[in-house]
Amino acid sequence: MKKLSDLAPRKPTRPVQVGNLTIGAENPVVVQSMTNTPTQNVSATVAQIKELQESGCELVRVAVPDREAANCLEEIKAEIEIPLVADVHFQSDLALLAVDAGVDKIRINPGNIGGEEAVRKVVEACIREGVAMRIGVNAGSLSPKIREKYGGPSARALVESALNYVDFCRRLDYHDTVVSLKSSQVSTVVAANRLFSQQSDCPLHLGVTEAGSFPEGAIKTAVGLGGLLVDGIGDTIRVSLTGDPVREIEVAYEILQASGRRRTRPEIITCPTCGRLSYDLEAVVAEVKERLAGSERPIRVAIMGCVVNGPGEAREADVGIAGGDGEGLLFRDGKVLKRIDESRMVEALLQEIEKMDF
Ligand code: SF4
């Protein structure tokens, strides 16, 4: 049975090379994060990047607040495998140092880096060294002119600001730009990214800024990013959470999995349970999750609470079980394959998964 999907195709964006990664076009949505160690502390920063790398982070950003930090970039870059992004505010000379240190991408907010001439110098350095750039526009640092025109940091104000900078780079024949339009207001993030994607083929970095700590920040980000990803908008994501950045990676993959944009493991569908439940569904779910941990098969596995409604309710799953009153049903693509003793349900499910082709 062919599964229906309402997932929109990705919005066509231009590919931008960042080290050995390509952001945009048909490439998988890239998961990124940012260290929270002092960049000047090379060993702590490298250790955190390695932890992030191991948890699935594909691109990492470090803050470059001063010359000392800029001078550590070369050493950090030499110790890590994933591409490195330098985050620079206010001082264009630090951006130039970062480019010379061999970073793969720099993140600047052209609105606070020191005017047109400063941006031009940074762009020219990026062209010379083949370095990509994220133009990070956010609600807190719009130019007074745009702020006045729109009466505040609205979505349209963010988009106009970003488009102006992208055009400025294009006039200099620089096209390796990725754009972010961030706000701590979910509605502004959603509206700004939708509007921008209608007007530009520049890849989008999605994020909700100052989202907060876990779990509220994760939910806020999921609300902001989920709909955009389903609609095909977004080429890289960063979940901003206060605390250990490794958690950002876990949440980022959950958002990509839930939106269907990048499925990297089996999706376990479980019913919410109701008065018809007559077996320990939670224990079965825990066992199946444990047995499938580490699997990268993007299948949908259903575990339902009763044999009467379960298979029908989980018709969209690839494979599943429904139990109750001592026996269970094994079903695939909405059709019952066989009845089994409740004690053998998990084994039968796992055997059926083994038989499936991918
Ligand atoms: S599958 Fe059965 S137990 Fe679960 S919610 Fe539906 S009716 Fe209730």
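User: What makes the crossing of helix 7 and helix 8 right-handed or left-handed?
Analyst: In this predicted model, helix 7 passes helix 8 in a right-handed crossing. The term applies because the near helix is turned clockwise from the far one.

User: Why are helix 7 and helix 8 called roughly parallel?
Analyst: The axes of helix 7 (residues 186-199) and helix 8 (residues 216-230) cross at roughly 20°. Angles under 35 degrees count as roughly parallel. Helix 7 and helix 8 are therefore roughly parallel. Their axes come within 9 Å.

User: Which residues make the contact between helix 7 and helix 8?
Analyst: Helix 7 brings V186, V189, V190, N193 and R194. Helix 8 brings K220, V223, G224 and L228. By class, that contact has five nonpolar, two polar and two charged residues.

User: What makes the strands a barrel?
Analyst: Eight strands close up in the order 3-4-5-6-7-8-9-10, with parallel pairing. Neighbouring strands are turned by 25° against each other on average, direction ignored.

User: How do you know that strand 3 pairs with strand 10?
Analyst: Pairing needs at least two bridges. Three bridges join strand 3 (residues 30-34) to strand 10 (residues 236-238). The two strands therefore pair. V30 stands opposite T236 in strand 10.

User: Where does helix 7 lie on the strands?
Analyst: Helix 7 lies across strand 8 (177-182) and strand 9 (204-206). It runs at about 150° to strand 8.

User: What surrounds the ligand?
Analyst: The residues around the ligand include C271, C274, R276 and E313. By class, the shell has four nonpolar, four polar and two charged residues.

Methods. Residues numbered from 1 in each chain as written. Predicted model: local features only at pLDDT ≥ 70, side-chain atom pairs only at ≥ 80, totals over all residues. Heavy atoms only, no water. Axes fitted to C-alpha atoms, helices over the stretch in contact; angles between N-to-C directions. Helix = DSSP H or I, 4+ residues; strand = E, 2+ residues; numbered from the N terminus. Parallel < 35°, antiparallel > 145°, perpendicular 65-115°, else oblique. Contact = heavy atoms within 4.5 Å. Nonpolar A, V, L, I, M, F, W, Y, C, P; charged D, E, K, R; others polar. Near = heavy atom within 4 Å.
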